[in-house]
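Morning, everyone. Let me put the model on the screen, and then we'll walk through it.

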Amino acid sequence: MNDFLPTETVGSQAASATDHLFYALLGISVAVVLLVSGLILVFSIRYRRGSKADRSELPPILQREVEIGWTLATLFLFLSIFGWAVSENFSFGTVPTNGLEIHVVAKQWMWKLQHPGGQREINALHVPVNKPVRLIMNSEDVIHSFYVPSFRLKQDVVPGLTTQLVFTPIKVGTFRLLCAEYCGTDHSAMTGKIVVMTPEDYSRWLDTSPASEDLVAQGRDIFTRLGCAGCHDARAAVRAPDLKGVFGQPVPLADGTVVQADETYLRDSILQPRKQIVAGFDPVMPSFAGRLSDAELETVIAYLKSLADTDGDTR
Amino acid sequence: MSDATLDIEGLHDAGPDYLRAGHSVLSWLGAIDHKRIAILYAASTTFFFFVGGMAATMIRAELVAPQGHFFTNDTYNKLFTLHGIVMVWFFLVPVIPTTLGNFLLPLMLGARDLAFPRLNLFSWYLNIAGGALTIAAILFGGVATGWTFYEPFTSFYANGYVTLALMGVFVVGFSTIATALNFIVTIHTLRAPGLTWMRLPLFVWSLYATSLIMILATPVLAITLLLVAAERVFDVAVFDPTRGGDPILFQHLFWFYSHPAVYIMILPGMGVVTEIITCFARRRVFGYATMVMALLAIAVIGFFVWGHHMFVSGQSSYSNLIFSFLSFMVAVPSAIKVFNWTATLYRGQITFEASMLYALGFVGLFTMGGLTGLFLASVPIDVHVTDTYFVVAHFHYIMVGGMVSAFFGGLHFWWPKITGRLYSENWARTAAMLMFLGFNLTFFPQYIMGYLGMPRRYHTYPPEFQVYHVMSSLGAVVLAVAYLLPLFYLTASLFRGRIAGANPWDSTGLEWTTTSPPPEHNFHTTPRITRGPYGYHPPGEAARV
Ligand SMILES: [Cu+2]
Ligand SMILES: [Cu+2]
């Protein structure tokens with residue numbers, strides 16, 4: 001199979017599934033093209049002007065049957081391809097819970113990545129093989145797109161939105177990372193690499209990398225420094241919701257709806273607190289847009305999430 | 001023969017043909033005759049085709065080497081933006097409706113002109129005004145947003161005369177709307193006596209379906225571009241995420257126009273190809289009613305598939321599911337059309353004039369473009385190949401392989417009617433075949449490199465893709481020659497071509513019953529229609545020579 005695609009390796013679980021679908025579709029397409037061009041060719045020769053071929057008319061009823069026949073056949077074929085594509089899509093899109101969580105910030109024209117232990121990288125990502133990886137991605141300026149051809153995966157990174165990309169590398173090696181969404185002057189230079197290592201090599205790499213303090217600790221610092229605790233602490237004078245265990249739980253809002261507190265929700269609560277008001281509270285929280293860089297915001301969110309991990313049912 | 005009762009005697013005193021009806025500059029620039037306006041449009045779209053083509057040539061030249069030779073990143077980005085904007089809005093969208101459509105619609109309906117001749121002229125001036133704004137934006141230094149104007153890039157991160165370019169596209173949109181309105185009213189009200197809906201030629205049906213899409217989709221583009229301009233100029237936050245705006249909203253609005261726009265660009269081509277194939281196969285179109293239904297089905301379903309451009313944008317996977325499903329559904333009527341064209345050849349009396357070669361080339365290339373559309377409708381494959389050269393190849397197969405082939409086919413088919421002259425068939429066949437070969441050489445390698453992971457809009461690229469880029473650029477040279485050839489032999493035909501006569505192809509179309517070139521008022525007496533189109537052989541009997 002890879003003889004046809006000499007340079008592109010299969011680097012993730014998703015990749016081989018995508019390839020199978022691709023080659024099946026390729027087979028069908030070649031067959032259809034051969035059929036159509038073959039018929040055109042045969043008819044062109046056989047029914048060229050003046051040839052002796054039989055040209056008597058088909059009965060109209062037959063014509064109808066032919067039309068209905070190929071319409072149904074096409075419909076059936078397309079539905080089957082659709083069904084297959086859907087099943088692939090939903091099987092590899094599921095989010096694992098035990099994965100390695102990496103925070104990605106895209107900006108013109110570089111990728112900044114941060115490991116759970118606080119190790120930072122630019123335009124490179126080191127990950128262990130055979131372990132699910134979950135990228136949590138934000139953009140500081142325009143839309144970018146995180147693209148690893150060998151993994152057959154791509155996800156836009158959108159300002160104001162937290163997007164995710166989940167993959168499980170299955171091969172040790174270095175793979176190309178590209179930006180796939182046009183983002184300005186140096187778009188074609190916004191490239192990097194994904195280094196997939198054996199688990200031993202990976203832990204050695206973690207040890208030797210300048211591990212700054214971890215995300216949660218940084219986040220806690222910022223949380224205090226910006227005065228969040230001043231309202232959100234249980235002993236504070238202002239009445240604000242307790243943030244312990246918020247993450248992952250449903251939050252009832254003042255407008256009567258209920259939202260799931262995911263990363264996007266936390267992010268919005270901090271940058272645009274007026275967007276969704278928690279039921280039973282006054283909208284007094286100021287917006288922190290512009291006072292936190294995206295990287296800092298990531299650490300605060302990581303801190304809030306850690307509160308959920310330690311004691312989950314405080315809410 | 002034709003279904004029109006034709007007063008041959010009367011034709012001789014029907015006055016001079018439309019080309020001789022006036023020679024001053026004003027008689028052209030102030031023309032309200034649909035045939036003259038078609039010629040005005042032919043001139044302007046040809047100009048824009050060569051502007052867009054120049055940009056394409058420069059892009060292909062630059063991409064021969066992985067690090068480029070000639071341009072900076074910014075210049076490269078401006079080139080592909082220019083190529084996209086000019087080709088989409090100033091060539092592909094208007095070209096068939098405003099040139100062939102304008103010329104032929106009244107002739108095919110047995111009418112004297114379009115319903116609103118002055119609006120027709122006005123729409124040409126709007127087209128020129130929009131073009132002037134866009135060309136001005138280019139001359140002042142260019143725009144590097146991509147033809148898709150994605151947000152928040154366009155509003156806050158792009159330099160140059162972006163607003164000017166936006167206004168250019170905004171204005172030309174109104175030209176499209178005016179033409180569409182004119183066509184719809186004309187088809188409803190100006191059909192000759194006896195020309196019922198199910199007797200309309202399929203080219204007319206394709207213009208009808210196209211006009212419906214134009215009139216419903218183009219206003220959405222207009223309002224979207226206006227919002228972008230407002231954001232850029234007056235700092236109104238609409239798509240700005242830092243102030244609660246939503247950049248994804250822009251994509252929804254943009255593709256809500258731009259996916260139907262794909263059908264604006266291809267349906268007229270389908271109509272043209274149908275006319276050509278049936279004429280040179282000397283067969284009734286196989287499944288006329290199905291062809292009509294397919295055109296309308298494409299026009300309607302085409303409005304509900306825009307989300308397939310956004311599978312990796314962060315859209316929910318359930319939206320992806322629905323848009324994927326609908327994209328598969330819209331492919332069904334397109335597939336049926338391919339089968340019907342093929343079946344029309346069955347038991348025909350086929351000849352291979354240049355326009356027939358173009359039409360058959362269209363069927364092949366459109367099939368390949370359509371099939372790769374199924375790849376892109378499948379979410380897992382799209383995740384990998386969206387924003388790569390695979391997509392670039394896909395839409396060029398439809399737009400260039402399909403639409404441009406159809407346009408050249410139509411141009412050759414109706415050239416004798418438009419000018420009264422025949423061109424050199426051999427040169428024309430050569431150009432048609434060169435175009436087919438050059439096209440495949442240019443764009444087929446792009447499928448391969450796309451699947452290998454070559455992103456689009458990349459000025460510099462990893463060296464392993466060079467071999468495909470070189471092939472593609474070589475193909476572009478062949479293609480450029482094939483596009484330039486007609487300029488010479490068609491021009492030559494104006495002076496030295498054989499006189500065509502009213503109906504050189506022996507077609508049954510109503511437009512061929514009047515003289516070539518047609519008189520100012522098209523028909524001396526209003527034709528009466530008593531039968532359906534494509535009467536190349538009596539139903540139930542064989543095709544005759
Ligand atoms: Cu980019
Ligand atoms: Cu589309």
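One definition before the sheets: two strands count as paired if DSSP finds at least two bridges between them. The strands themselves are DSSP runs of E, at least two residues long, and helices are runs of H or I, at least four residues long, both numbered from the N terminus. With that in hand, strand β6 of chain A, residues 144–148, pairs with β7(A) in the antiparallel sense over 5 bridges. Within that pairing, A:Phe146 stands opposite A:Gln155 in β7(A).

Now the ground rules. This is a predicted model, where local features need pLDDT of at least 70 and side-chain atom pairs count only at pLDDT 80 or more, while totals for chains, interfaces and linings use all residues. Residues are numbered from 1 along each chain as its sequence is written, chains are lettered from A and ligands numbered from 1 in the order written, and side-chain values use heavy atoms, with hydrogens and water left out.

Back to the sheets in chain A. Strands β6 and β7 belong to an open sheet of 5 strands, ordered β4-β10-β9-β6-β7, with mixed pairing. Its edges are β4 (124–128) and β7 (153–157), each of which pairs on one side only. From one strand to the next, the twist averages 20°. For the angles, axes are lines fitted to C-alpha atoms, for helices over the stretch in contact, and values run from 0 to 180 degrees between N-to-C directions.

There is another open sheet of 5 strands in chain A. The order is β3-β2-β1-β5-β8, again with mixed pairing. Here β3 (120–122) and β8 (163–167) are the edge strands, each pairing on one side only. The twist averages 25° from strand to strand. Strand β5, residues 133–139, runs antiparallel to β8(A), and 5 bridges join them. One pair to look at: A:Met137 has A:Thr163 as its bridge partner in β8(A).

Stay in this sheet for A:His103. That residue is in strand β1, residues 100–107. Buried or exposed, A:His103? Buried, because its relative accessible area is 4%. The cut-offs are under 20% for buried, over 50% for exposed, and partly exposed in between, using a 1.4 Å probe and protein chains only. The side chain of A:His103 makes a polar contact of 2.6 Å with that of A:Glu298. A polar contact is a pair of N or O atoms within 3.5 Å; within protein, one must be able to donate a hydrogen and the other to accept it, and residues adjacent in sequence count only if both atoms are side-chain atoms.

Next, the metals. Donors are N, O and S atoms within 2.8 Å of the metal, or 3.2 Å for Na, K and Ca; water is not among the atoms, so sites may look incomplete. Which protein atoms hold the copper ion, ligand 1? They are A:Cys179 (SG), A:Glu181 (O), A:Cys183 (SG) and A:His187 (ND1), at 2.1 to 2.6 Å. The spacing in sequence is C-x1-E-x1-C-x3-H. Both A:Cys179 and A:Cys183 are buried. For comparison, the ideal angle for four tetrahedral donors is 109.5 degrees.

The copper ion that is ligand 2 sits with chain B. Its donors are B:His259 (ND1), B:His308 (NE2) and B:His309 (NE2), at 1.6 to 2.1 Å. Along the chain they follow H-x48-H-H. B:His308 counts as buried, at 16% relative accessibility. B:His309 is partly exposed, at 27%.

Last, some backbone checks in chain B. The peptide bond from B:Glu151 to B:Pro152 is cis, with omega near 0°. B:Pro152 is in the loop between α5 and α6 (153–157). Another cis bond joins B:Ser516 and B:Pro517, with omega about -15°. B:Pro517 is in the segment after β2 (498–499).

Two non-glycine residues with positive phi also deserve a look. B:Asp235 has phi near 60°, in the loop between α8 (202–234) and α9 (247–281). B:Asp235 is partly exposed, at 42%. B:Arg282 has phi of about 50°, in the loop between α9 and α10 (288–301). B:Arg282 is buried, at 7%.
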